[in-house]
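Okay, thanks for coming, everyone. Today I'd like to walk you through a ligand site and the pockets of one protein. Let me put it up on the screen.

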Amino acid sequence: MRQGRLYVISGPTAVGKGTLCEEILKDSDDFVLSISATTRKIRSNEKEGISYYFKSKEEFEDMITRQMFLEYAKVHDQYYGTPKSFVENMRKEGKNILLEIDTQGGLQVKKNDSEAILIFIAPPNLETLVERIHRRGTETEEEVQKRLKNAALEFSNMDKYDYMVINDDLATAKNELKNIFCAEKLRIKNNIDLVEEFSERTKYYD
Ligand code: 5GP
């Protein structure tokens, strides 16, 4: 069985990464979403083990020591990390993994696995992004400011990503994401078994 591919989905806060990932998962059984661990506080609309695995700082640091993360980073003063075992098991089963993580984590993933595909979700413009984060209303003003500051870090890493999708209209963005997945699936290097079969079975025709 072919190993599933790793797709990193990054972008500034409130750009709609989560909604886009949900849409992809709704349409295809070939994809699974990795659930991250974090030390940040649970929001009223979130559930343990579905949104995140919520950990204390001590628990998270213990997981770091035990090398349980594929990548981890500090975002908005809190730890966030991708548990390794789920990703490895699912890839072995041929599932493509969506990693909804920040760009520091995305670049770590790419460093360890050059085949990982990094996709940056961008807003149509900065004003829309500011409006969206205020409209979400789940953070205090201080946290909003922290998140906007962090958006600067995300944009500064954008040029190291493989693809960019602008999330203005959800249906269009979703379609563009699907086109990326399709192009990656059709890459020669991702179909080497077929290439070898054709070459093997036709080598006597010379
Ligand atoms: P939020 O607190 O709004 O859910 O997420 C804040 C940021 O943390 C987002 O940019 C999100 O992509 C990032 N993030 C979530 N999970 C992970 C993770 O496992 N690793 C890294 N590096 N970033 C993460």
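Predicted model: local features only at pLDDT ≥ 70, side-chain atom pairs only at ≥ 80, totals over all residues.

So, β5 (69-75) and β6 (78-83) each put at least two residues into the shell around the ligand. Residues are numbered from 1 along each chain as its sequence is written, and side-chain values use heavy atoms, with hydrogens and water left out.

Back to the ligand. There are 17 residues around it, and S36, R40, Y52, Y80 and D102 come nearest; being near takes a heavy atom within 4 Å. By class, the shell has five nonpolar, five polar and seven charged residues. For the classes, Ala, Val, Leu, Ile, Met, Phe, Trp, Tyr, Cys and Pro are nonpolar, Asp, Glu, Lys and Arg are charged, and the others, Gly among them, are polar.

Which side chains have a polar atom 2.6 Å from a ligand oxygen? R40 does. For S36, a side-chain N or O atom is 2.7 Å from an oxygen of the ligand, and for R147 that distance is 2.8 Å. The cut-off for a polar contact is a pair of N or O atoms within 3.5 Å. The protein covers 94% of the 510 Å² of accessible area that the ligand has on its own, using Shrake-Rupley with a 1.4 Å probe.

Now the pockets. The ligand sits in the largest pocket, and "sits" means that more than half of its atoms lie within 2 Å of the grid points. A pocket, on a 1 Å grid over the protein atoms alone, is an open set of points where a 1.4 Å probe fits, with protein on both sides within 12 Å along at least five of seven lines; lining residues have an atom within 4 Å of a point.

The volume of this largest pocket is about 1300 Å³, that being the space filled by probe spheres set on the points. Of its 43 lining residues, G18, R43, Y52, E100 and R136 are closest to the centre. α1 gives the most to that lining, six residues.

The second largest pocket is about 370 Å³. It has 19 lining residues, with R5, D30, F31, N96 and K185 closest to its centre. Here α7 gives the most, four residues.

Definitions and conventions:
Polar contact = N/O pair within 3.5 Å; in protein donor to acceptor, adjacent residues only side chain to side chain.
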